[in-house]
Amino acid sequence: MLSRSRSLTWSLGRSISALRQVRCVCDRRVCRGVSRRPFTVSGMATPHERSSVIAGNEVITVKTPAFAESVTEGDVRWEKAVGDTVSEDEVVCEIETDKTSVQVPSPAAGVIEELLVPDGGKVEGGTPLFRLKKGAAKTTAAAAPPPAAETPPPPAPAPAPAAPVGGPIPTSMPPVPPVPAQPIQSKPVAQILPRPHVLLLSPFVVLLQVKMNRMRLRIAQRLKEAQNTCAMLTTFNEVDMSNITEMRKQYKDAFLKKHGIKLGFMSAFVKAAAYALTDQPAVNAVIDDSTKEIVYRDYVDISVAVATPKGLVVPVIRGVEGMNFADIEKTINELGEKARKNELAVEDMDGGTFTISNGGVFGSMFGTPIINPPQSAILGMHGIFDRPVAIAGKVEIRPMMYVALTYDHRLIDGREAVTFLRKIKSVVEDPRELLLDM
């Protein structure tokens, strides 16, 4: 009985061992639901079998992700080259559109086998980008032969003896040893980066020509459309920043402790703009050129201009009319962080009923902003400078800021524009008006 039990155990062990050697050899394009991992009785791969799957040499083609509805194509900027090892979710390339940049990560760990689009090439949604050999890093490293021992270079020929001064000139020169030809290696596409075109007009004048990126081209197009379409007019005013500066100085530590973010001046202007837009709905409206009708909005979505190395972007703060200072500061901080990391999506910049541009962070004293179409107005903030002003018949030094409102005169009259800007001035100078709804 004991011998029969051992025989049965040995047979069952051989059956399980045979089952573990079964592999799915069907075509993945036909049998998508079948995994390539080894089959076992429990349906799970053993640790040894899992490592062999990771080291497989399956080659996949990564395609361009789908763009937003308003984006049709973009330009590819490669971060990796052929032969580079990448980990899962590591950025391989960046697709630059006219609104934002889309990063394309690697779907798995492996080695870049082929780049299917040249650097700077145009792609659309679904275009094949590159081929990735999954899990090939370990296999390639293991299969790489050991480096051969370096052979010492041949000894240099002895120099010919110098001819004595005034002696005969030699009629022949010693033979030059042949130089071994080096094979020409082709560079991957990612290493052939677009170089600026240099024009040398003279030894002291050099012109550098660089191709405009898609975002800069789009910015130029939209701003020129605004000039050609809108009847733009700008009105100005100045704001005494004494009270808001004192409030910020008094409550900045408590605000930071409670909300975990610093209290800035932008939240005061965003909230004041939302209050003034509710008071003057024409500034928050827009002309529908297709129907020649005025569209009034019952909500306030404010676009805040943010400067990035690639150009100016305008992420949108939505529903500002229902926000407080802390909500606005948190949203501005989140959008600004995404803009600095180049992670803004098209949805973050879509829409907006009004724009605020703060040139004061760069030291601007005075300027006229351009409308961000299809909006009807834009507020320009400038730097804060101490200036002498008349206060109750006396000259005092106060921190003052010039503000400018550029508006579409086809829709907004001077009365609405000036009233709107004075409302912002009064609310920023005395935030208590917000509480009293004055």
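This is a predicted model: local features need pLDDT of at least 70, side-chain atom pairs count only at pLDDT 80 or more; totals for chains, interfaces and linings use all residues.
Trainee: How do you know which parts of the model have a pLDDT below 50?

Mentor: The protein averages a pLDDT of 76, and 70% of the residues score at least 70. Over residues 1–55, however, the pLDDT is below 50, and this stretch has 32 contacts in the model beyond near neighbours in sequence. Residues 138–147 also stay under 50, and for them the model has 2 contacts beyond four places in sequence.

Trainee: What makes the span of α6 agree with its number of residues?

Mentor: At 1.5 Å a residue, the 14 residues of α6 should span 20 Å, and because its end C-alpha atoms are 20 Å apart, the two values agree.

Trainee: Why is α6 called largely enclosed by the rest of the structure?

Mentor: A residue counts as buried when its relative accessible area is under 20%. In α6, 12 of the 14 residues are buried, so the helix is largely enclosed by the rest of the structure; among the buried residues are Met266, Phe269, Lys271 and Tyr275.

Trainee: What makes a space in this structure a cavity?

Mentor: A cavity is a set of points where a 1.4 Å probe fits but cannot get out, and the structure holds 1 cavity of 30 Å³ or more. The largest cavity has a volume of about 30 Å³, and α6 (266–279) and α9 (414–429) are the elements that give two or more residues to its lining.

Trainee: How many residues of each class are in the lining of the largest cavity?

Mentor: The lining has 8 nonpolar, no polar and no charged residues; Ile244, Ala268, Ala272, Phe325, Val427, Val428, Pro431 and Leu434 line this cavity.

Note on methods
Residues are numbered from 1 along each chain as its sequence is written. Side-chain values use heavy atoms; hydrogens and water are left out. On a 1 Å grid over the protein atoms alone, a cavity is a set of points where a 1.4 Å probe fits but cannot get out, and a pocket is an open set with protein on both sides within 12 Å along at least five of seven lines; lining residues have an atom within 4 Å of a point. Grid points are joined across faces, edges and corners, and a volume is the space filled by probe spheres set on the points. Helices (H or I, at least four residues) and strands (E, at least two) are DSSP runs, numbered from the N terminus. Ala, Val, Leu, Ile, Met, Phe, Trp, Tyr, Cys and Pro count as nonpolar, Asp, Glu, Lys and Arg as charged, and the others, Gly among them, as polar. pLDDT is the predictor's confidence in each residue, from 0 to 100. Contact means heavy atoms within 4.5 Å. The expected span of a helix is 1.5 Å times one less than its number of residues. Buried means under 20% relative accessible area, exposed over 50%, partly exposed in between (1.4 Å probe, protein chains only).
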